[in-house]
Amino acid sequence: IHIYNEAFENRKPFSMEYRLRHVSGEYRWILDKGIPNYNIGGDFIGYIGHCLDITEQKNIEQEIKKSKEKAEESDRLKTAFLANMSHEIRTPMNGILGFAELLKEPNLSGEEQFEYIKIIEKSGARMLNIINDIIDISKIESGLIKVNINESNINSQIDYVYKFFKPEVERKGLKLIRSNSVPDEEIIVKTDREKLFAILTNLVKNAIKYSEHGSIEFGYEKKDQYLEFFVKDCGIGIRKERLNAIFERFVQEDISDLKARQGVGLGLAIAKSYVEMLGGKIWAESEIGIGSTFYFTIPFDKGEDNQLIHWKRSIKNQKGHAANLKILIVEDDEISEHLITKGVKIFGKEILKAQTGDQAIEICRNNNDIDLILMDIQLPILGGYDAVRKIRMFNNEVVIIAQTAYGLVGDREKAIKAGCNDYLSKPIDRSELHSLIKKHCGKKVRVSHRSMN
């Protein structure tokens, strides 16, 4: 009204926007425009104008505004993420390079050497976690993740996660509690074992990171056709308005807060993506200063085979070993070859080495009594998968374990399809390597063990 009155008094054009309520109850945006109108004698007699319904235009403008704000928020989060990631990478690298340099100093005591090595190991593990998170979220966003459904004993996974994190939790002065509510023989479920493990470890790691006292409890309950998992901590808590945002990529509870601590804000986003792939949902409840509880569900698709018996037998069969295997290590990287050699030394009566796929094939032709091949996949000239296929043309008995630094989704399946018995991703965990050797070469190891008694 003010715009119209001012225009009328000064004989000026006007343009204004306002809302009208339609008879349907819906509000519509109107653009009202007018210009002064004069008679033939030059006297002002009113306005000539028009009204336009601009509701759709206003809606588009609102969407553009929201998209712009969202893009600006995304840019802010990514900028903060990149700054945080730079810090996260440089910090462990500082520990690795700095203490590796200190190890060169003369006259170090054994205690000092051990301390420096532990720091390097801890820094390396932290770096690996960051790299794994970045690779995982990249694969998720690229649509490269596939779900591999197999029968899995849930209680054994809970027990493994408990044993894995118990030392770390106790070092912080916390207590770790596990809760298995269903008997072993009833909790064999068809799901993606690796993704379930990744979800649990991400949530437990998060609980450890944000807890300074009290306990961390995790486990599951059977609810109708779902298993509902939980991870409960006594940590700093999360503001209610942030409970949904924390599952977004690159977001921590408060990325500018010092208490965001280590990490690049990807763990919960990865967990959410995996839960949804498995057909479940994830959510959190929290209270500032009291703690948080994260929940997620997966379908209770019960397996029919008695995998528990097979699992228990395999554990029993892994007891005892002796250096009775003839092993071929195929690796073109000198440091990796040296580490693997150290790792398998306790099993090997003889260790052969090759740096290319062609060399590996030739050695296998000339040594048909090789028990185990550790095959790097990325080899010069002839790749590891091609080498395995050619070896399988004349030797189906030798155990072949693929090992690669790629660690991409589908690598395990490619390795099995090419003719490998199993697969390891670098950096190779020595206990996992030993476990696979015992799993696939257990009979020969046990025969040797008995013969030595």
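Is S273 buried or exposed? With a relative accessibility of 11%, S273 counts as buried, where buried stands for under 20% relative accessible area, exposed for over 50% and partly exposed for the range in between, computed with a 1.4 Å probe and protein chains only.

1. Basis of the note. This is a predicted model, in which local features need pLDDT of at least 70 and side-chain atom pairs count only at pLDDT 80 or more, while totals for chains, interfaces and linings use all residues. Residues are numbered from 1 along each chain as its sequence is written, and side-chain values use heavy atoms, with hydrogens and water left out.

2. Surroundings of S273. S273 is found in helix α6; helices here are DSSP runs of H or I with at least four residues, strands are runs of E with at least two, and both are numbered from the N terminus. The C-alpha atom of S273 is separated by 7.5 Å from that of I140, although the two residues are 133 residues apart along the chain.

3. The largest nonpolar core. A nonpolar core is taken as a set of buried Ala, Val, Leu, Ile, Met, Phe, Trp, Tyr and Cys residues joined through side-chain atoms within 4.5 Å. The largest one has 46 residues, and those with the most contacts inside it are I154, L227, F229 and F296. Among the elements that each supply at least two residues of this core are helices α3 (110-141), α4 (154-171) and α6 (267-277), together with strands β7 (215-223) and β10 (291-299). Helix α5 gives the most to this core, with eight residues.

4. Leaving aside neighbours within four places in sequence, F296 is in contact (heavy atoms within 4.5 Å) with residues including L196, I199, L200, L203, L227, F229 and W283.

5. D376. This residue has its place in strand β13 (residues 372-376) and is buried, with a relative accessible area of 3%. Beyond its neighbours within four places in sequence, D376 is in contact with V330, E331, D332, G384, Q403, T404 and K426.

6. Salt bridges. Side chains of opposite charge can pair when their charged atoms come close. A salt bridge is counted when a side-chain nitrogen of Lys or Arg is within 4 Å of a carboxyl oxygen of Asp or Glu, and by this rule the count comes to 17. K195 and D192 form one of these, with their closest N and O atoms 3.0 Å apart; K195 is buried at a relative accessible area of 7%, and D192 is buried at 3%. In the pair of E101 and K104, the closest N and O atoms are 3.4 Å apart, with E101 partly exposed at 48% and K104 exposed at 63%.

7. E350 and K326 meet in a salt bridge at 3.8 Å, N to O. E350 lies in strand β12 (residues 348-354) and K326 in strand β11 (residues 325-330), so the pair ties together parts that are 24 residues apart in sequence. E350 is partly exposed at 34%, whereas K326 is buried at 5%. Elsewhere, E17, K58 and E61 are linked in a network of salt bridges.
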